[in-house]
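Biologist: Before we discuss individual side chains, I would like each term to be set against its cut-off. Could you take me through the model in that way?

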Amino acid sequence: IDKSVEEYLSHGIVYFTGRDALLRPTLVVRPARIPVAWFNDKKTSTDRVVRILVFCIEYMVRYMLLPGHVEGGVVLMDMGGLSLSQVPFSPMKSIMSVLANHYVNRIFKFYVFNLPSALSS
């Protein structure tokens, strides 16, 4: 594991939390844990979040999926602790783009919860 990825993972922005009832790995994304210092350079913050995500998805594909039995995972995006002005739209857009374009059929469900009240109506 690359030292920079190891450092990024230590923030707890993206992590595995177990498996669902059908044994699909469950990946949690918590944008509220993105360090404030990363937002000084929007491109760098987005690249770091995508790098963490790609590492976790590649790990899942290599070690957590069982061909013919478990071939995809579940992603939970927890927006808790964020106000409307704090929602990191650029990293979220990049996450969706990477999953849709590079990991087709590897994500069974993508849930977003604890949305700020302005977005949840």
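Modeller: A salt bridge here is a side-chain nitrogen of Lys or Arg within 4 Å of a carboxyl oxygen of Asp or Glu. This is a predicted model, in which local features need pLDDT of at least 70 and side-chain atom pairs count only at pLDDT 80 or more, while totals for chains, interfaces and linings use all residues. Residues are numbered from 1 along each chain as its sequence is written, and side-chain values use heavy atoms, with hydrogens and water left out.

Biologist: What makes Arg30 and Asp78 a salt bridge?

Modeller: Their closest N and O atoms are 3.4 Å apart, and the limit is 4 Å, so the pair qualifies. Arg30 lies in the loop between β2 (25-29) and α2, and Asp78 in strand β3 (residues 73-78), 48 residues apart, so that the pair links distant parts of the chain; helices (H or I, at least four residues) and strands (E, at least two) are DSSP runs, numbered from the N terminus.

Biologist: What makes the charged end of Arg24 sit over the ring of Phe108?

Modeller: A charge sits over a ring if NZ of Lys or CZ of Arg is within 6 Å of the ring centre and within 35 degrees of the ring normal. The charged end of Arg24 is 3.8 Å from the centre of the Phe108 ring.

Biologist: Why is the pair of Phe16 and Tyr59 called tilted?

Modeller: Rings of Phe, Tyr and Trp (its six-membered ring) pair if their centres lie within 6.5 Å, and planes under 30 degrees apart count as stacked, over 60 as edge-to-face and the rest as tilted. The centres of Phe16 and Tyr59 are 6.3 Å apart and their planes stand at 45°, so the pair is tilted. Phe16 lies in strand β1 (residues 14-19) and Tyr59 in helix α2, so the pair ties together parts that are 43 residues apart in sequence. Phe16, Phe55, Tyr59 and Tyr63 form one aromatic cluster.
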